[in-house]
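Student: Walk me through this model, please, one feature at a time.

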Amino acid sequence: MQTKTILDFLYELKSNNHKDWFHEHKKEYQKAKKAFELIVETLIPAAQQLDPSVGEIKAKDTMFRINRDIRFSKNKDPYKNNFGCFISRGGRKSLFGGYYLHIEPGASFVGGGIYCPQGPELKKLRTEIYYNAEEFNKILNDKDLKEVFGGLAEMEKLKKGPVGFPKDFEHIGLLLHKNYVVAHMLTDDALLSGGIEQQIIKAFGAMVPLNAFLNRALED
């Protein structure tokens, strides 16, 4: 995997995040982007084999643009300091759970699940968990998922139970999440090592039961 090409470019971009520098180094960007695309093209078949619901998809449909939307942001840097892809049915804009790779110097990770679902989808996820809490807990406590991810990422959560669900629900903590995702950090040294591809694929495999549960909720 050509991760050095990607990391080298992103290191420089982080210190020179403006349009003039980017345009002057367009060739380096294109080389880094192509290196990331080759990684994605390797990971897609692995994800499809692990999770056939991913379906037929091309690398370009999973990869996020490097340009930032700065219209409503205090951070006016025009470019992201990372490359990312989301392998899921329908690609990067899919509502369904999938498999995510994020490469950023000092902040890379592999993860997945469903990030920032909208109100209707979030309610479906919570409802599925409410009626199948034991099954969901069993998935979260699976040894493979625990070994790689530890559990659900502790991101933004409600302070009290969501409207429409009993406040005395035994597993109310599962319903407080606003995102149902997992993440495993990848060091720069790990990305430059020879075994990183298998490490990422192993992480994808550990997520399959979680994504199957979450996607079932959205399919109903």
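Student: Which residues does Lys-167 touch, not counting those up to four places away in sequence?

Tutor: Lys-167 touches Gly-161, Pro-162 and Ile-172, where contact means heavy atoms within 4.5 Å. Bear in mind that this is a predicted model, with local features needing pLDDT of at least 70 and side-chain atom pairs counting only at pLDDT 80 or more, while totals for chains, interfaces and linings use all residues. Residues are numbered from 1 along each chain as its sequence is written, and side-chain values use heavy atoms, with hydrogens and water left out.

Student: Where is the place of Lys-167?

Tutor: Look in the loop between helix 7 (143-149) and helix 8 (172-175); helices (H or I, at least four residues) and strands (E, at least two) are DSSP runs numbered from the N terminus. Lys-167 counts as exposed at 54% relative accessibility, given cut-offs of under 20% relative accessible area for buried, over 50% for exposed and partly exposed in between (1.4 Å probe, protein chains only).

Student: And Lys-76, in which loop does it lie?

Tutor: The one between helix 4 (59-62) and strand 1. Lys-76 is partly exposed, at 49%. Beyond its neighbours within four places in sequence, Lys-76 is in contact with Arg-68, Ile-70 and Arg-71. Its C-alpha atom is separated by 36 Å from that of Gly-194, 118 residues apart along the chain.

Student: Now the strands. How many bridges join strand 1 to strand 2?

Tutor: In a regular strand the side chains alternate between the two faces of the sheet. Here five bridges join strand 1 (residues 83-87) to strand 2, and the two run antiparallel; strands pair if DSSP finds at least two bridges between them. Cys-85 stands opposite Leu-101 in strand 2. Strand 2 is also antiparallel to strand 3 (residues 108-114), again through five bridges, with Tyr-100 opposite Gly-111. Strands 2 and 3 form a hairpin with four residues between them, and Gly-106 in the turn has a positive phi of about 75 degrees.

Student: Why is strand 2 largely enclosed by the rest of the structure?

Tutor: Six of the six residues in strand 2 (residues 98-103) are buried, so the strand is largely enclosed.

Student: Which residues have the most contacts inside the largest nonpolar core?

Tutor: In soluble globular proteins, nonpolar side chains tend to be buried together. In this model the largest such core has 65 residues, with Phe-9, Leu-101 and Phe-136 making the most contacts inside it; a core is a set of buried Ala, Val, Leu, Ile, Met, Phe, Trp, Tyr and Cys residues joined through side-chain atoms within 4.5 Å. Helix 10 (residues 196-219) gives the most to this core, with 13 residues. Leaving aside neighbours within four places in sequence, the contacts of Leu-101 include Phe-36, Cys-85, Val-110 and Ile-200.

Student: Which strand gives the most to the lining of the largest pocket?

Tutor: Strand 3, with five residues. Strand 2, strand 3 and strand 4 (180-186) each supply at least two lining residues.
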